[in-house]
Amino acid sequence: MTAGKNAEAAAVKTLGNAAASQETILEAALEAFAQRGYDGVSVRELNRQIGVSHNLVHHYFGSKDALWRAAIDYGLNRVNEAWRLEDLAPDADPVEKMKVGLRRFLEVTARSPSVQRIMEYEAAIGGPRLDYIAERYILPYLSPRLGRFEETTAIEKRNLHLPSLALLIATGTTAFFTQAALARKVGGPDPFSEDGIERHIATMTTVLFYGVLGRPPEQTAT
């Protein structure tokens with residue numbers, strides 16, 4: 001076995017196994033891209049940060065662009081999984097389903113806000129990476145759910161703008177976590193504390209559904 005392969009095997013052993021090492025790399029990559037943006041991330045530096053051999057990230061992903069795509073796939077698949085509501089009763093109230101989806105989405109974001117921060121960064125500058133996110137995840141997953149939301153909440157009767165609601169749900173509701181440093185200065189419980197997460201979810205649910213329904217969300221009829 002060559003010296004390079006020895007180093008790679010040692011790195012994999014340190015992280016547990018091949019699957020675990022890839023997950024570790026993807027989590028670290030999400031955080032790095034969220035903090036420094038695509039252009040500010042060095043794969044060599046990322047290897048050093050994780051504590052693996054200098055060629056392990058390249059071995060798994062081949063290039064920084066491929067690493068970015070793998071990381072965003074990993075993160076957004078986790079986000080979209082939060083909106084899968086097949087475990088709820090088929091005859092459950094549609095608004096209640098949306099409330100459950102919102103809760104799960106915000107809980108996932110609180111655990112890993114880096115995905116949403118990357119989306120905000122790419123949405124601000126535009127380009128091929130935003131195209132990748134929008135075409136692969138946002139439009140296919142968001143549009144059908146907004147359609148059901150529109151059908152069950154009389155949005156048109158209230159003269160509400162659906163694209164504004166889409167952005168509010170996709171990014172506005174998560175600002176408490178993606179802009180945690182600012183949230184701490186505003187005051188209240190820490191954004192990532194149990195109390196902070198619960199109070200934020202309750203506030204977003206009330207504000208969003210009260211505005212759309214025209215009545216408090218707890219009064220939704222079955």
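In which helix is the place of Ala175? I located Ala175 in helix 10, residues 175-178; helices (H or I, at least four residues) are DSSP runs numbered from the N terminus. I worked throughout on a predicted model, in which local features need pLDDT of at least 70, side-chain atom pairs count only at pLDDT 80 or more, and totals for chains, interfaces and linings use all residues. Residues are numbered from 1 along each chain as its sequence is written, and side-chain values use heavy atoms, with hydrogens and water left out.

I then looked up the exposure of Ala175, which is partly exposed at 23% relative accessibility; buried means under 20% relative accessible area, exposed over 50%, and partly exposed in between (1.4 Å probe, protein chains only). I also noted that the C-alpha atoms of Ala175 and Glu120 are separated by 9.8 Å, at 55 residues apart along the chain.

Next I searched the whole structure for aromatic pairs and found six. Why is the pair of Phe33 and Tyr38 stacked? Their ring centres are 5.9 Å apart and their planes are at 10°, so the pair is stacked; rings of Phe, Tyr and Trp (its six-membered ring) pair if their centres lie within 6.5 Å, with planes under 30 degrees apart stacked, over 60 edge-to-face and the rest tilted. I recorded Phe33 as buried at 3% and Tyr38 as buried at 13%. One aromatic cluster is formed by Phe176, Phe177 and Phe192.

Finally I examined charges over the ring of Tyr38. The charged end of Lys64 sits over this ring, 4.5 Å from its centre, and Arg129 lies over the face of Tyr38 at 4.2 Å from the ring centre. The criterion is NZ of Lys or CZ of Arg within 6 Å of the ring centre and within 35 degrees of the ring normal.

Key
Helix = DSSP H or I, 4+ residues; strand = E, 2+ residues; numbered from the N terminus.
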